[in-house]
Amino acid sequence: IYILPIIYIFLMSQNFKKLQIIEHSDFFSPIVLIFFIKALSVGLLEEITFRSLFQSLIIKKYYASYGIYFCVIITSLLFGLGHIINLVNLNYSLIGVLSQVVMAFCVGFLFSSILIATQNIYPVVLIHALNHFSTFIAELLPQYFNNTTTPPNNSSILEIIGSLVITLLIFGLPTILPSIYILNKFKPNLKLLAC
């Protein structure tokens with residue numbers, strides 16, 4: 001069953017450059033439909049993989065020994081590191097991908113906490129899908145988000161570290177602090193999550 005997400009990732013991990021030549025009259029073409037399916041299903045796929053599969057396995061194996069924070073951090077690290085795959089996309093710079101890894105870690109921490117508190121994957125899937133839809137909309141409407149330059153890949157170590165620290169501050173504070181509150185407040189029944 002878990003080979004299906006891998007096939008899906010392979011099929012959907014392409015850029016939609018054809019969208020940049022779509023006229024308004026072709027707005028309901030099959031390529032646009034595929035775009036919408038990609039934009040809305042990435043959240044479902046990533047949440048099933050990282051929260052439903054990996055997080056439940058990590059909680060089952062490590063919760064008794066290391067506690068819930070360890071489990072959430074490991075799940076979030078895996079989620080963040082999963083975004084390293086974007087290094088193969090020539091539209092991203094190294095500093096952009098590393099910043100995305102940090103952002104994904106922070107958001108993953110929040111998603112993991114919400115799942116633990118609610119014991120329901122659907123709110124997290126919905127939030128994640130809407131996030132992807134909002135970021136993919138630039139591909140669907142390039143006339144409003146035109147970026148024809150390729151980002152430079154020659155950032156210094158200091159620039160990379162500075163960018164990661166700023167990203168951690170911008171995304172870490174609003175996501176990790178509420179996550180800690182959620183984990184402390186709701187004291188979830190983890191037996192249900194580790195099933």
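1. Which backbone oxygen lies 2.5 Å from a polar atom of the side chain of Ser-179? That of Thr-175. The model is predicted, so this distance is a computed one. Ser-179 sits in helix α6, and Thr-175 is among the buried residues of that helix.

2. Ser-179 itself has a relative accessible area of 0%. The cut-off for buried is under 20%, so Ser-179 counts as buried. Not counting residues up to four places away in sequence, Ser-179 touches Phe-109, Leu-110 and Ser-113.

3. Now the helix as a whole. Helix α6 covers residues 157-186, 30 residues in total. At 1.5 Å a residue the helix should span 44 Å. The end C-alpha atoms are 40 Å apart, which agrees.

4. As background, an α-helix has 3.6 residues a turn, so residues three or four places apart point the same way. The cover over the buried residues of α6 includes α3 (68-81) and α4 (94-118).

5. Next, the largest nonpolar core. How many residues make it up? There are 12 in all: Ile-58, Ile-59, Ile-68, Cys-71, Val-72, Val-102, Phe-105, Cys-106, Phe-109, Ile-116, Ile-176 and Leu-183. Two or more residues come from each of α2 (30-66), α3, α4 and α6. The most come from α4, which gives 5.

6. Phe-105 is one of the core residues. Leaving aside neighbours within four places in sequence, Phe-105 is in contact with Ile-73, Ser-76, Leu-77, Gly-80 and Ile-176.

7. Another core, of 8 residues, lies apart from the largest one. Its members include Leu-110, Phe-111, Ile-114 and Leu-115.

8. Last, the cysteines of the largest core. Are Cys-71 and Cys-106 buried or exposed? Cys-71 is buried, with a relative accessible area of 0%. Cys-106 is buried, with a relative accessible area of 0%. The structure holds 0 disulfides.

Terms used: Residues are numbered from 1 along each chain as its sequence is written. This is a predicted model: local features need pLDDT of at least 70, side-chain atom pairs count only at pLDDT 80 or more; totals for chains, interfaces and linings use all residues. Side-chain values use heavy atoms; hydrogens and water are left out. Helices (H or I, at least four residues) and strands (E, at least two) are DSSP runs, numbered from the N terminus. The expected span of a helix is 1.5 Å times one less than its number of residues. Buried means under 20% relative accessible area, exposed over 50%, partly exposed in between (1.4 Å probe, protein chains only). Contact means heavy atoms within 4.5 Å. A polar contact is a pair of N or O atoms within 3.5 Å; within protein, one must be able to donate a hydrogen and the other to accept it, and residues adjacent in sequence count only if both atoms are side-chain atoms. A nonpolar core is a set of buried Ala, Val, Leu, Ile, Met, Phe, Trp, Tyr and Cys residues joined through side-chain atoms within 4.5 Å. A disulfide is a pair of cysteine sulfur atoms within 2.5 Å.
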